[in-house]
Every structure is written in structure tokens, then in C-alpha cells.
Amino acid sequence: MTSLSDFGRRMAGVTLRCLRGPCLPAERLAQLKRLCLDLIHDVPPGQKHSLVGRIDHAQRRRELWFLRSSLYRAISLQHGEQIARQRIRELDKQLRHKLH
């Protein structure tokens with residue numbers, strides 16, 4: 001029988017393998033970065049500043065994937081968890097687009 005933690009590890013591995021793939025075309029990476037910036041457009045400058053730097057320096061889809069929790073936290077502090085989930089859902093959709 002497979003435990004839930006084994007399942008979680010397998011799913012994380014699948015996601016990471018998909019994200020490690022070849023580098024994105026520059027325009028696609030730029031689109032994802034713009035989406036990340038749009039998600040936090042109304043977050044206070046103090047919370048936004050470090051996120052903007054991390055978004056700007058991202059060179060792969062994987063780096064943007066790992067920013068999700070920080071983006072979620074900043075959005076939820078400003079607008080609540082429901083809004084944060086809605087916004088991050090769109091990012092998830094775009095990050096997974098054409099990965100499978």
C-alpha cells in the first residue's frame with residue numbers, strides 16, 4: 001500500500017521533472033514574469049520590493065514556480081486567502097501549460 005507521503009513525493013518529482021525541462025523561449029518567460037508582477041500589483045511596496053527583484057532575476061520556469069508561496073503570502077496578507085488562491089491558480093495554470 002502506498003502512503004500519502006510516498007504519493008506526495010512522487011507528485012513533487014513529476015512536477016520538478018516537468019519544470020526542469022528545456023529553457024523557455026525568452027518571450028514566454030517574459031509573459032510569466034509579467035503575470036507574476038500583475039498578481040502583486042496592489043501589494044504594499046514593502047512586501048512587493050523583494051518579490052519584484054526575485055521575479056526579475058528568474059531565468060527559468062522553475063524559479064517562478066518556487067516563488068508561488070511567497071507570492072501567495074504577500075497577496076493573502078493584503079487581500080485574504082481566497083483572493084490569493086484565485087490569483088495563484090492562474091499562475092499555476094500558466095506554469096503548467098504545455099508541460100505534459
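## Helix H2 against helix H3

In this predicted model, helix H2 (residues 26-39) and helix H3 (residues 45-57) have axes that come within 10 Å and cross at roughly 170°. Because angles over 145 degrees count as roughly antiparallel, H2 is roughly antiparallel to H3.

On the side of H2, the contact is made by Lys-33, Cys-36 and Leu-37, while H3 contributes Val-52, Ile-55 and Asp-56. Sorted by class, the contact of H2 with H3 has four nonpolar and two charged residues, and no polar ones.

## Helix H2 against helix H6

Helix H2 also packs with helix H6 (residues 81-96), at an angle of about 175° and with the axes 10 Å apart, and that angle makes H2 roughly antiparallel to H6.

Here Arg-28, Leu-32, Leu-35, Cys-36 and Leu-39 in H2 meet Arg-87, Ile-88, Glu-90, Leu-91, Gln-94 and Leu-95 in H6. By class, the contact of H2 with H6 has seven nonpolar residues, one polar residue and three charged residues.

## The setting of Ser-76

Ser-76 lies in helix H5, which covers residues 68-79. Is Ser-76 buried or exposed? Its relative accessible area is 18%, and therefore Ser-76 is buried, since the cut-off for buried is under 20%.

Leaving aside residues up to four places away in sequence, Ser-76 touches Glu-81 and Ala-84.

## Aromatic rings

The structure holds zero aromatic pairs. A ring does have a charged residue over its face, however, for Arg-68 lies over the face of Trp-65, at 4.2 Å from the ring centre.

Key
Residues numbered from 1 in each chain as written. Predicted model: local features only at pLDDT ≥ 70, side-chain atom pairs only at ≥ 80, totals over all residues. Heavy atoms only, no water. Helix = DSSP H or I, 4+ residues; strand = E, 2+ residues; numbered from the N terminus. Buried < 20%, exposed > 50% of the residue type's maximum accessible area, 1.4 Å probe, protein only. Contact = heavy atoms within 4.5 Å. Phe/Tyr/Trp six-rings, centres within 6.5 Å; stacked < 30°, edge-to-face > 60°. Lys NZ or Arg CZ within 6 Å of the ring centre and 35° of its normal. Axes fitted to C-alpha atoms, helices over the stretch in contact; angles between N-to-C directions. Parallel < 35°, antiparallel > 145°, perpendicular 65-115°, else oblique. Nonpolar A, V, L, I, M, F, W, Y, C, P; charged D, E, K, R; others polar.
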